[in-house]
Amino acid sequence: MGYKSGYVSLVGRANAGKSTLINALIGEKVAIVSPKPQTTRNNIIGILTKQNYQFVFVDTPGIHISKNALDKYMMKNVRSAIGGSDIIVYLIDGSKKLTNEELEYIQNLVEKDNPVIVAITKVDILNYEKVYPMLAKLGQIKGIKEIIPLSSLQKRNLDVLEKAILKLLPESETKNFLYAEDEFTDKSVRFLVAEIVREQALYLYDEEIPHGLAIQVVKFDEQEHIVNVDIDIVCERDSHKAILIGKQGHKLRELGQRARQGMQELLNQKVMLKLFVKTKKNWRDSQNYLNDFGYNDKLED
């Protein structure tokens, strides 16, 4: 029996279901999820290892028009993932209209070297009459390897996607796995706890505020029975700071309670969490701030 492994990039517009899919495939909380666009900022790796194969999934930020330096960094992540992939899985939100721009983007992907699978997500809330026109339009693009309607929440057709990916990867007589078999992500625990805070902020606060936040872990001290975590929440305006804290601090306390619960589930240990709110004006347009917050500019254009 041979072995197979390779990089599989999940690409698509914001809220197409990339993070939900990667979590469902891995069976672990690898990427944060929210109903707001641009939830994912970094390329996040999720590793699925079975007896004779290993898929290294790369969850990418949603494709969008860049408005600031952070947006440009996110789109660099997408291009970097596509360039380094063995297979591209392009996700289409089945609950939204399939546009000509998206069809053109898929056509351009197909014309590159790497094989492309198209997945239509959220079919658990659709009927066939809505899916069929998408299948018809996508079927006109020659070169797509597979078109797979699926539901991450109901785990429908995830096995079909796995088989399609496996078929496209080259086989090796020796075990060519890229990561240890017990790993499920390349991200550090500090990164994951920071993302939990950002995820809960996306749910808790309205409009633009969550998108203007950076999360910095300034202390992560793991003791025998408790983990002490101090986190700075950086916003862009003093008015946003007041909203984040809330009247008599009630909003920040709620954020802390929700984030602490997520951290305790991740770490399987009691967490003592302290949150601090700071203002750094227009940090999303400052490369120095972006570097400080982990969004460094070393990716290739």
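**Ground rules.** In this predicted model, local features need pLDDT of at least 70, side-chain atom pairs count only at pLDDT 80 or more, and totals for chains, interfaces and linings use all residues. Residues are numbered from 1 along each chain as its sequence is written, and side-chain values use heavy atoms, with hydrogens and water left out. Helices (H or I, at least four residues) and strands (E, at least two) are DSSP runs, numbered from the N terminus.

**Entry 1: H6 against H8.** Two packed helices are described by the angle between their axes and the distance between the axes. I looked up helix H6 (residues 189-204) and helix H8 (residues 250-267). They pack at an angle of about 140°, with axes 9 Å apart. Axes here are lines fitted to C-alpha atoms, for helices over the stretch in contact, and angles run from 0 to 180 degrees between N-to-C directions. That angle makes H6 oblique to H8. The classes are roughly parallel under 35 degrees, roughly antiparallel over 145, roughly perpendicular from 65 to 115, and oblique for the rest.

Next I listed the contacts, meaning heavy atoms within 4.5 Å. On the H6 side I found, among others, Val189, Leu192, Val193 and Ile196. On the H8 side, the residues include Lys251, Glu254, Leu255 and Arg258. The residues of this contact divide into 13 nonpolar, two polar and three charged. Here Ala, Val, Leu, Ile, Met, Phe, Trp, Tyr, Cys and Pro count as nonpolar, Asp, Glu, Lys and Arg as charged, and the others, Gly among them, as polar.

**Entry 2: H7 against H8.** H7 and H8 pack at about 65°, with their axes 5 Å apart. Ile243, Leu244 and Ile245 of H7 meet His250, Lys251 and Leu252 of H8. By class, I have four nonpolar, one polar and one charged residues in this contact.

**Entry 3: His240.** I placed His240 in helix H7 (residues 238-245). Is His240 buried or exposed? His240 is buried, at a relative accessible area of 11% (buried is under 20%, exposed over 50%, partly exposed in between, with a 1.4 Å probe and protein chains only). Neighbours within four places in sequence aside, His240 is in contact with Ile209 and Cys235.

**Entry 4: the faces of H4.** In helix H4 (residues 128-138), I found Val131, Met134 and Leu138 buried. Seen down the axis of H4, the buried residues fall within an arc of 60°, so they line one face of the helix. The arc is that of the directions from the helix axis to the C-beta atoms. The face turned away from the buried side carries the exposed Tyr128 and Glu129. Strand S4 (87-93) and helix H3 (100-110) are among the elements covering the buried residues of H4.

**Entry 5: Leu10.** Leu10 lies in strand S1 (residues 4-12). Leu10 is buried, at 0% relative accessibility. Its C-alpha atom is separated by 6.0 Å from that of Tyr90, 80 residues apart along the chain.

**Entry 6: positive phi.** Most residues other than glycine have a negative phi. I checked Gln248, in the loop between H7 and H8. Its phi is near 55°, a positive value. Gln248 is exposed, at 71%. Asn268, in the loop between H8 and strand S9 (270-279), has phi near 55°. Asn268 is exposed, at 72% relative accessibility.
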